[in-house]
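Biologist: I would like a close look at a single part of this protein, followed step by step into its surroundings.

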Amino acid sequence: MYNQIVYGSLLHPKELEKHCITMNRVSFVKVKNYRRIFNQEPSWRKSNSINRAVLNIQEDKSSWFNAIVIKNITKENLIELDERERGYNRIDLKDGLVIDYGGMKVMQNCFIYIGKKDKQNSIILPNIEYFDLCLEGAKSYFDVFYQDYIATTYQNSLNHNLKLINTKL
């Protein structure tokens, strides 16, 4: 069985419900060696505005981000999730990169979706509706999780650099 790492809109419990994923299948984790960033062109949240970026991750050995893990993904879940995440590639994470919030348990057999290179853009800003959905999802858990989400989520600064998100978009 595989475990899916979730770091964007699927953080929101209502988004999980749409895929019949209950909270008893979810744990809170930290993922090492990657950075979460709003730099992905949307595949189905269409917009012509500069505010159209959805979340992505980038490899970065000095970074980490928090997420949830959906345990024991079924084939049916996988088919639905692959369709939902069609602008991303599904990759396996090396064992040892995902640890639970207590720091005691290392999660194994984890996969994650990473944005396709041709869908990444360094001169777009977060889609405001999507941004709010992700923020509300992170906030729906516990305070440390929410604070970690804010402290480990980046957006473009429009001068080809990154900056931490501004929760007051």
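Leaving aside its neighbours within four places in sequence, which residues is Tyr149 in contact with?

Modeller: Please keep in mind that this is a predicted model, in which local features need pLDDT of at least 70 and side-chain atom pairs count only at pLDDT 80 or more, while totals for chains, interfaces and linings use all residues. Residues are numbered from 1 along each chain as its sequence is written, and side-chain values use heavy atoms, without hydrogens or water.

If we set aside the neighbours within four places in sequence, Tyr149 is in contact (heavy atoms within 4.5 Å) with Tyr7, Leu11, Arg36, Phe38, Leu55, Asn66, Cys134, Leu135, Ala138 and Ile165. Tyr149 belongs to helix 4, where the buried residues (under 20% relative accessible area with a 1.4 Å probe, protein chains only) are Phe145, Tyr146, Asp148, Tyr149 and Ile150. These buried residues of helix 4 pack against strand 2, strand 3, helix 3, strand 8 (153–156) and strand 9 (162–164), the helices being DSSP runs of H or I with at least four residues and the strands runs of E with at least two, numbered from the N terminus.

In soluble globular proteins, nonpolar side chains tend to be buried together.

Leu55, one of the contacts of Tyr149, leads us to a cavity, which is a set of points on a 1 Å grid over the protein atoms alone where a 1.4 Å probe fits but cannot get out. One cavity of 30 Å³ or more is found in the whole structure, and the largest cavity contains about 270 Å³ of space, counted as the space filled by probe spheres set on the points. It is lined by 21 residues, of which Ser9, Leu55, Glu85, Tyr88 and Tyr130 are the closest to its centre. Strand 1 (2–6) and strand 3 (51–73) are the elements that give two or more residues to this lining, and strand 1 gives the most, with three. The lining divides into eleven nonpolar, five polar and five charged residues.

Tyr130, from that central group, sits in helix 3. This tyrosine is classed as buried because its relative accessible area is 5%. Although Tyr130 and Arg52 are 78 residues apart in sequence, their C-alpha atoms are 8.6 Å apart in space.

Finally, strand 2, which the buried residues of helix 4 pack against, also holds Arg35. Beyond four places in sequence, Arg35 is in contact with Asn56, Ile57, Gln58, Asp60, Ser63, Phe65, Tyr154 and Leu162.

Note on methods
1 Å grid on protein atoms, 1.4 Å probe; cavity = no way out; pocket = protein on both sides within 12 Å on 5 of 7 lines; lining within 4 Å. Nonpolar A, V, L, I, M, F, W, Y, C, P; charged D, E, K, R; others polar. Buried < 20%, exposed > 50% of the residue type's maximum accessible area, 1.4 Å probe, protein only.
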